Amino acid sequence: MVAVAIVGAQWGDEGKGKVVDLYAGSADAVVRYAGGPNAGHTIVVGEDRVVLKHVPSGALRAGTICVLAQGMVIDPDALVAEMAALSARGVDLSGRIFVSDRAHLIMPYHVLVDGLREAAAGEARIGTTGRGIGPCYEDKIGRRGLRAGDLRDTTRATQLVARALACWEPTIRRLGGEPPPAAPVVQKLAELGPRLIPLLRSDASALVDGIIRAGKRVLLEGAQGTLLDIDHGTYPFVTSSNTTAGGACTGSGVPPTKISGVVGVSKAYATRVGGGPFPTELFDEEGQMIRDRGHEYGSTTGRPRRCGWFDAPVVRYANRLNGLSGIALTKLDVLTGLPRLKVCVAYEIGGVRRDEVPLSLPEFEEAKPLYEQVEGWKEDISSAKEFGELPKAAQKYVRLLEEVGGVEVSLVSVGPDRNETIVRKNPFRS
Ligand code: GDP
Ligand code: IMO
Ligand code: MG
């Protein structure tokens with residue numbers, strides 16, 4: 001009957017995997033609409049901890065349909081390995097995972113170019129995940145990419161690989177690399193074909209439309225975060241796709257009129273991996289404390305995440321761009337024990353107070369946070385099941401975030417486990 005989109009409201013790694021898995025308990029299908037193996041979506045259920053790269057976070061819900069939609073970029077080798085690892089731990093995806101014919105394929109030369117460019121950029125590097133995301137989307141936009149449907153036709157795939165390689169060859173050589181020969185690249189695709197071809201759907205958007213028309217519930221799972229959006233993020237320190245709610249439509253083929261709600265996932269503080277502006281970043285012991293308590297190390301790359309205070313202008317910006325119906329606030333438990341907490345309510349840029357995220361990169365880099373300060377709490381909150389069970393100071397902190405962020409908090413996450421959650425509002429009931 002309805003589709004609900006889940007988007008990152010900050011710089012990624014907000015806990016989208018946890019939130020999607022939780023909501024998937026009352027959904028029939030989960031559709032990943034953007035990005036690829038740059039994502040790392042973590043789900044924790046008891047002793048089980050799974051990090052998903054391509055596979056939608058409905059995987060652990062038996063019977064939930066998982067769709068890798070046309071907005072994604074897929075590393076076929078990595079996807080096959082991911083599904084095999086899930087199967088080895090007893091997650092049965094057979095008959096319920098589908099891949100759009102139109103999703104683009106990440107090829108070994110994309111990964112090579114990503115790495116060579118980052119190495120050559122030195123201090124100016126973006127800090128990509130090194131998974132070939134940017135070069136793959138470049139081929140898509142350049143209209144020379146290989147799509148998942150091309151796995152069906154080896155002759156066509158061979159031509160497309162030759163054409164793309166001819167295009168990338170000068171770049172690879174200029175960056176000091178050696179272009180890979182085409183034959184093994186095509187051979188690998190031919191080997192992977194039998195594993196992936198049975199999952200292909202020529203029009204995954206029609207599949208999802210059918211599910212919605214049947215009166216069922218669909219989750220559109222975002223990857224990365226609003227500030228990493230190619231159009232709306234801190235360009236060039238962004239990923240190469242539309243991570244925002246608009247991307248949920250283009251990436252899945254679900255029209256805007258069928259989306260009944262958009263939940264923005266935000267940490268109770270902020271983190272960022274890779275380069276780019278981050279006004280509330282902490283370089284002191286407090287930042288390290290948040291990193292250690294929150295295990296703020298990348299799920300995909302293991303890199304330490306940059307940590308800082310909650311940035312309300314960023315969340316207000318995410319609210320405006322995504323039209324949020326609510327915030328799923330994660331990792332509140334990580335702040336337990338800090339004597340006082342800071343919340344950035346606005347910035348100072350060139351001596352002037354600014355309430356909005358500046359759209360020019362140099363201005364954003366110069367932005368100094370203006371903080372409001374509140375008391376922390378000491379009590380363990382990880383077993384709270386109702387908002388009223390939280391210590392008064394924690395309740396006050398959440399209310400402050402609602403006030404300065406301009407959007408209600410519809411879910412509070414107090415630990416990584418699926419059960420460590422306070423659900424205040426069900427996104428499927430508006
Ligand atoms: P995603 O990319 O948005 O899905 O987020 P990641 O999985 O990359 O990173 C979020 C991390 O925080 C994961 O290790 C989660 O298990 C963990 N996590 C999610 N919610 C909570 C929470 O409320 N408390 C704590 N302590 N950890 C959480
Ligand atoms: P999830 O879905 C956090 C960041 C990278 C880099 C920039 C570009 O787990 O939230 P790319 O490899 O996409 O070209 O890198 O984007 N980035 C992420 N940061 N979470 C992610 O995904 C990210 N995916 C990409 O660190 O700064
Ligand atoms: Mg992640």
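This is a predicted model: local features need pLDDT of at least 70, side-chain atom pairs count only at pLDDT 80 or more; totals for chains, interfaces and linings use all residues.
Let's go through it together.

### Exercise 1

Find out which residues are closest to ligand 2, and describe the classes of residue in its shell.

**Solution.** 
- Step 1: Look around the ligand. Ligand 2 is surrounded by 21 residues, and D13, K16, H41, T129 and T239 are the closest.
- Step 2: Sort the shell by class. Around ligand 2 there are eight nonpolar, 10 polar and three charged residues.

### Exercise 2

Find polar contacts of ligand 2, then work out how much of its accessible area the protein covers.

**Solution.** A polar contact here needs a pair of N or O atoms within 3.5 Å, so check each distance against that limit.
- Step 1: Start with the backbone. A polar backbone atom of D13 is 2.7 Å from an oxygen atom of ligand 2. For G40, a backbone N or O atom lies 2.9 Å from an oxygen atom of ligand 2.
- Step 2: Turn to a side chain. In T239, a side-chain N or O atom is 2.6 Å from an oxygen atom of ligand 2.
- Step 3: Now the cover. On its own, ligand 2 has 550 Å² of accessible area, and the protein covers 98% of this.

### Exercise 3

Why does ligand 2 lie between domain 1 and domain 2?

**Solution.** 
- Step 1: Note the bounds. Domain 1 is 3–94 + 202–423, and domain 2 is 104–198.
- Step 2: Ask who supplies the shell. Ligand 2 lies between the two domains because both of them give residues to the shell around it.

### Exercise 4

Now describe the setting of ligand 1.

**Solution.** 
- Step 1: Find the pocket. Ligand 1 takes up the space of the second largest pocket.
- Step 2: List the neighbours. There are 21 residues around ligand 1, the closest being K16, G40, T42, D333 and S413.
- Step 3: Sort them. The shell of ligand 1 holds four nonpolar, nine polar and eight charged residues.
- Step 4: An oxygen atom of ligand 1 has a backbone N or O atom of K16 at 2.7 Å. A backbone N or O atom of G17 lies 2.8 Å from an oxygen atom of ligand 1. In R305, a side-chain N or O atom is 3.3 Å from an oxygen atom of ligand 1.
- Step 5: Check the cover. The protein covers 94% of the 590 Å² of accessible area that ligand 1 has on its own.
- Step 6: Name the elements. Two or more residues of the shell around ligand 1 come from each of α1 (16–24) and β3 (41–45).

### Exercise 5

Which peptide bond is cis, and where is P236?

**Solution.** 
- Step 1: Read omega. The peptide bond from Y235 to P236 is cis, with omega near 5°.
- Step 2: P236 is in the loop between β10 (217–221) and α8 (245–252).
- Step 3: Look at Q224, which is also in the loop between β10 and α8. Q224 is not a glycine, yet its phi is positive, at about 55°.

Technical notes:
Residues are numbered from 1 along each chain as its sequence is written. Chains are lettered from A and ligands numbered from 1 in the order in which they are written. Side-chain values use heavy atoms; hydrogens and water are left out. A residue is near a molecule or strand if one of its heavy atoms lies within 4 Å of it. A polar contact is a pair of N or O atoms within 3.5 Å; within protein, one must be able to donate a hydrogen and the other to accept it, and residues adjacent in sequence count only if both atoms are side-chain atoms. Accessible areas come from the Shrake-Rupley method with a 1.4 Å probe; for residues, only the protein chains shown count as cover. On a 1 Å grid over the protein atoms alone, a cavity is a set of points where a 1.4 Å probe fits but cannot get out, and a pocket is an open set with protein on both sides within 12 Å along at least five of seven lines; lining residues have an atom within 4 Å of a point. A molecule sits in a cavity or pocket if more than half of its atoms lie within 2 Å of its grid points. Helices (H or I, at least four residues) and strands (E, at least two) are DSSP runs, numbered from the N terminus. Ala, Val, Leu, Ile, Met, Phe, Trp, Tyr, Cys and Pro count as nonpolar, Asp, Glu, Lys and Arg as charged, and the others, Gly among them, as polar. Domain bounds come from an automatic or database domain assignment.
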